[in-house]
Amino acid sequence: MQRIGVFVCHCGTNIAATVDVVAVAEALQHEPGVVISKEYQYMCSEAGQELVKEAIKEHKLTGVVICSCSPRMHENTFRKAAAAAGLNPYMVEIANIREQCSWIHKDKTSGTEKAIILGRAAIAKVHLNAPLTAGQSPVIKRALVIGGGIAGIQTALDIADAGFEVDIVEKEPTIGGKMTQIDKTFPTLDCAACILTPKMVECAQNEKIRIHSYSEVSDVKGFVGNFNVTIKKKARFVDETKCTGCGLCTEKCPMKKVPDLFNLGMNNRRAIYIPFAQAVPKVATIDADYCNMLKNGKCGVCAKVCTAGAIDYKQQDQYIEEQYGAIVVATGFNPIKLDKYDEFAYSQSKDVITSLEFERLTNAAGPTSGTLLRPSDGKHPHTIVFVQCVGSRCDDSKGKSYCSKICCMYTAKHAMLTREKYPDTDVYVFYIDVRTPGKNFDEFYRRAVEQYGVHYIKGMVGKVTPKADGTLDVQASDLISNEQLHIDADLVVLAAAIEPDKSARPLATKLTASMDTNDFFTEAHAKLRPVESPTAGIFLSGACQGPKDIPETVSQAGAAAAKVIGLLSKNSLTCNPCVAQSDELMCNGCSACEKVCPYGAITYSEKEFRMPDRTTKLRRVASVNPAVCQGCGACTVTCPSGAMDLKGFSNRQIMAEVDAICK
């Protein structure tokens, strides 16, 4: 006979405002098996937990129902409290009367009624709960960082400093990410390369860090503490172990007219190239789309001039299998494409550029060696118009509804640096709102206006029209003076919205990680677990989780590293005992469950069964490895014969809840 205790939480006014918690506790007191039913202001508090512990001991409770917030918040809290009082922690059930009840109801009567129903369903499930024992699984003390930008680099360095081995997988030929393309950083205006390249070199020289550049994650299996990852190393047709990075091949290659993607196609490079001077690893890569030798077998100049013998035209993609205890996602961001914004004449005029292209024009290592010149004719621009929020804070069908967060500050930086270097240039910035939330950010913006004389105009640019004389007619509105403006600009710079890298969505599928509607990775909890994915063992670093500037990215990278270090410091992890189990008498050996299991926990074997006529027969049946199974339940809903069940969430338990709700 079950002896169940029910505890209803007020959660301040979160629940009590729309649920009569006293009435809920009174109603559930009369449910079968309930020996005590109490309400308390804050059940998750120390006093609330003591109330539960005392009741377990005093009333010899065999099961506990907590009517409170989501189990994602405090299920573990109450399980620990039950275990401390001598009750199996898996005899605790949470009825979510906050998110699923009080937060979605305005009428107290209907809210109270629903809370009672949810409590009744939880009680029905506890009647069928069985004590479960959690096992242990070992932790592989290595980490994988996917993405080699500043987020991935900082995360890897912090993990390595704690003594753990780290692999960085970067899809480009070099680590460094977007920060390598930036000239200076706000609000200090220090050189981006001066900050970043020492960290890149430190990564390469750290004995605990291994860099897989020009590579991507092909497949991920396993679970927290024991991930099996397949890494695809793309053929660069250059032996990394032999290449010295001398650059002679990049000077002699006859194929010169290849768009330089590092400079965003604003100049050309050779078919064999090193992305930039400080690349790590500093190894040449052959672009197979342009190399004459790879396309038609005619050339071979780079192989002839390479004194190290590093050129290998027959090199193939390689697949490497590695094991890791934790995975950090640091896939970064990209500016959105501007093909839907032809009102700004981006596709019509070379003198309409993005902010990142402007960075390359002002960078000493850029296509113009740092001299600001118009792309169309190479002349110095005397009037520059910066357009804010291009694709940000707009209709989802055209752009992104969210604020890209970094645009206001980097535009202020661009405007300030332009006025400082070229005082004869007039600079206009059209904005919706200026957002400067960081430390010293507002002072930085006011310097641009007050010290450097940048013209900030509240209003949006409606149209940019190329004129016959080579200038651009910028038609805009000034909302403060309520005037329509026409500015003859030499250069228009668009602050394009940023979005997650295109690799994020397929990677999330491989990791079984959650994403939001904008393809940013979703954190486990926005406030309490901001660098953890809901999938155990997967951590988030940098702009893959949302728009961030460099200081915020580095901070989150350190936080993600701290979480990884905490995980890798453990020798073993407590397994989830709510795992699948197969009823071999019902299993028909169809393999449906094996195909849908994302963790590879299900295998099939031939077993002997005694038939009614006393003969024996071999049958193919499924078996579940409880150390590998993560209790996702995919197999239970797929099994056509109903042989698969989930401990703690069996068909009987689920149907008991349904019956309790419907009665």
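Modeller: Cysteine 597 is buried, at 18% relative accessible area. The cut-off for buried is under 20%. This is a predicted model. The closest cysteine sulfur to that of cysteine 597 belongs to cysteine 632. The two sulfurs are 6.1 Å apart, which is too far for a bond. A disulfide needs sulfur atoms within 2.5 Å. The structure holds zero disulfides. Cysteine 291 is likewise in no disulfide. Its nearest cysteine sulfur, in cysteine 302, lies 5.9 Å away. Cysteine 291 counts as buried because its relative accessibility is 8%.

Now the setting for these cysteines. The protein has 663 residues, and buried ones make up 51% of them. It contains 17 helices and 34 strands. Along the principal axes, the C-alpha atoms fill a box of roughly 90 × 70 × 40 Å. The protein exposes about 30,300 Å². Carbon and sulfur atoms supply 51% of that area. Now take the contacts with a separation of 6 or more: residues 24 or more positions apart account for 68% of them.

Follow α11 next. This helix runs over residues 407-421 and holds threonine 418. Threonine 418 counts as buried because its relative accessibility is 3%. Set aside its neighbours within four places in sequence. Threonine 418 then contacts Phe358, Leu372, Ile384, Pro423, Thr425 and Val427.

Isoleucine 457 sits in strand β23, residues 455-458. It counts as buried because its relative accessibility is 11%. Beyond its neighbours within four places in sequence, isoleucine 457 touches a run of residues, Tyr428, Val429, Phe430 and Tyr431. Ser477, Asp478 and Leu485 are also in contact with isoleucine 457.

Last, a helix pair. Helix α4 covers residues 108-128, and helix α17 covers residues 651-662. Their axes come within 8 Å and cross at roughly 150 degrees. The crossing is right-handed. From α4, the contact draws on Ile117, Arg120, Ala121, Ala124, Lys125 and Leu128. From α17, it draws on Arg652, Gln653, Ala656, Glu657, Ala660 and Ile661. By class, that contact has seven nonpolar, one polar and four charged residues. The spacing in both lists has a simple background. An α-helix has 3.6 residues a turn, so residues three or four places apart point the same way.

Definitions and conventions. Residues numbered from 1 in each chain as written. Predicted model: local features only at pLDDT ≥ 70, side-chain atom pairs only at ≥ 80, totals over all residues. Heavy atoms only, no water. Axes fitted to C-alpha atoms, helices over the stretch in contact; angles between N-to-C directions. Helix = DSSP H or I, 4+ residues; strand = E, 2+ residues; numbered from the N terminus. Left-handed = near helix turned anticlockwise from the far one by under 90°. Contact = heavy atoms within 4.5 Å. Nonpolar A, V, L, I, M, F, W, Y, C, P; charged D, E, K, R; others polar. Buried < 20%, exposed > 50% of the residue type's maximum accessible area, 1.4 Å probe, protein only. Areas by Shrake-Rupley, 256 points an atom, 1.4 Å probe, with all protein chains shown as cover.
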